[in-house]
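Here is a short note for a colleague who is opening this structure for the first time. Please read the points with the sequence and the model side by side.

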Amino acid sequence: MPDPDAAPPRVLHEIAEVLAQSRGGQTRRLAAERLAGQELIGVLEGTLAGPAPAPADTGALEEALAGAGLPVGGAYRVMASTSGDALAEGLRHLEGAVYAVGRSVAVLREDPASEIDAAGALRAVWPLLQQCGGPQADLRLGIGARAEGLEGLRASLTQARFALTSADGTVPVRGVEHLDTLEELMAGIPPEVRSVYGARTLGALGDGMLRDTLEVFLANNCSWARTAEALHLHVNTVHYRIERVEVLTGRDLSRLDHKLDLYAALRCG
C-alpha cells in the first residue's frame, strides 16, 4: 500500500498472529531439540533424565544419539560453553554441521571426509557472539578431542570442561589439543585449588625478598650469576636466600621435580 497508515488494523493483526504462531512453533522446536541434546549429555554424564538416574551404557548412548538427531557411530567432538545459547548460535554458522546442543554442552558429529575445521570456525565467529553479548558477557568455549564410543565421548566431555576453565578473555575458545604449555594446563585448574596449592607450597616464604629471589632464580634457569646480576646482589647473598627457600619449602632446587613444584606454585599465586 502506498500509505502505510491506510493498512486495515484487522489485516495487521492477522499478519502479527501468523508471525507469532511461526515464532512459537520455532521456539517449541528449538526447546525440544535442546531437551533431546540435554538427555544425550545426561547419558554421557552417566545418568538418564528422570527421577531415578541409572548407569548409562552403549545402548543408552545410541538411543540418545538417535533421539538428538545424530547418526549412531563415527567420530564426535564434545564442546562446553558458558552459554548454551551462544554455543548453539555459533554452531549454526558451521555449514552442514550435524550437532545436538544441551544447556551448555554440545556434541558435534565429525565427518572425516569433511574439510570443515569446527574449532577454527568457532574461533572465527566467537568475537561476533561476544559483541552481541556486550562487554559484560562471559562467553567462553572449551573443545574436547575427537572421540568414538561411550567412554571416548565421556572423556571428550571431561576434556571440554577442563579446556573451558582454561579459556579466558585473551583466548576465549580453547581446544584441549592446544594445551601445550604447563601454564596453559594449569589455567584449567580451578582458582580455588590453585590458591590453596600456592599458599601451602610458598606460604612460609611470605611476599618479600625470598619469594622474589626464587622467581628471578627460576626465570634465569637457576643461574647464580644471572640472578645476582638481575637483583643487584652479591652471589653469596643469592646462595643464602635460595638455601633459606629450600629450608622453608622443603624443596631441593637441584632437582627438576622440586623446581617444577615451586614454579607451579608461583604461577598459582
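1. A term to begin with. A residue is buried under 20% relative accessible area, exposed over 50%, and partly exposed in between. R34 has a relative accessible area of 25%, so R34 is partly exposed.

2. Confidence. This is a predicted model. The protein chain averages a pLDDT of 86. Of the residues, 94% score at least 70. One stretch stands apart: over residues 48-54, pLDDT stays under 50. For that stretch the model has nine contacts beyond four places in sequence. Where pLDDT is low, the predicted coordinates should not be read in detail.

3. Salt bridges across the chain. How many salt bridges does a search of the whole structure find? The search finds 14. One of them pairs R34 with D85, and their closest N and O atoms are 3.2 Å apart. This pair links distant parts of the chain. R34 sits in helix α1 (residues 9-44) and D85 in helix α3 (residues 84-91), 51 residues apart. As for accessibility, R34 is partly exposed, while D85 is exposed at 55%.

4. R161 forms a salt bridge with E45. Here the closest N and O atoms are 2.6 Å apart. R161 lies in helix α5 and E45 in the loop between α1 and α2 (58-67), so the pair ties together parts that are 116 residues apart in sequence. Are these two partners buried or partly exposed? R161 is partly exposed, with a relative accessible area of 35%. E45 is partly exposed too, at 40%.

5. E151 forms a salt bridge with R154, at 3.2 Å between the closest N and O atoms. Both residues belong to helix α5. They are three residues apart, about one turn of the helix. E151 has a relative accessibility of 53%, so E151 counts as exposed.

6. S156 is found in helix α5 (residues 149-166). What is the relative accessibility of S156? The value is 0%, so S156 counts as buried. A polar atom of the S156 side chain lies 2.8 Å from the backbone oxygen of A145. Leaving aside residues up to four places away in sequence, S156 touches R77, V78, G144, A145 and A147.

7. Helix α8 and its cover. Which residues of helix α8 (residues 209-219) are buried? They are L210, R211, T213, L214, V216, F217 and L218. What covers them includes α7 (191-202), α9 (224-231), α10 (235-249) and α11 (256-268).

8. The loop after α8. Just after α8, N221 takes a positive phi of about 55°. N221 is a residue other than glycine. N221 is found in the loop between α8 and α9. C222 is in the loop between α8 and α9 as well. C222 also has a positive phi, of about 60°, although it is not a glycine. Their accessibility can be set side by side: N221 is exposed at 63%, whereas C222 is buried at 16%.

9. Cysteines. How many disulfides does the structure hold? It holds zero. C268 is in no disulfide, and the nearest cysteine sulfur, that of C222, is 18 Å away. A disulfide needs the two sulfur atoms within 2.5 Å. C268 counts as buried, at 12% relative accessibility. C132, by contrast, is exposed, with a relative accessible area of 70%.

10. What to check on screen. Look at the pair R34 and D85, which links helix α1 to helix α3. Then look at S156 and the backbone oxygen of A145. Finish with the loop between α8 and α9, where N221 and C222 are found. Keep in mind that pLDDT stays under 50 over residues 48-54.

Definitions and conventions:
Residues are numbered from 1 along each chain as its sequence is written. This is a predicted model: local features need pLDDT of at least 70, side-chain atom pairs count only at pLDDT 80 or more; totals for chains, interfaces and linings use all residues. Side-chain values use heavy atoms; hydrogens and water are left out. pLDDT is the predictor's confidence in each residue, from 0 to 100. Contact means heavy atoms within 4.5 Å. Buried means under 20% relative accessible area, exposed over 50%, partly exposed in between (1.4 Å probe, protein chains only). Helices (H or I, at least four residues) and strands (E, at least two) are DSSP runs, numbered from the N terminus. A polar contact is a pair of N or O atoms within 3.5 Å; within protein, one must be able to donate a hydrogen and the other to accept it, and residues adjacent in sequence count only if both atoms are side-chain atoms. A salt bridge is a side-chain nitrogen of Lys or Arg within 4 Å of a carboxyl oxygen of Asp or Glu.
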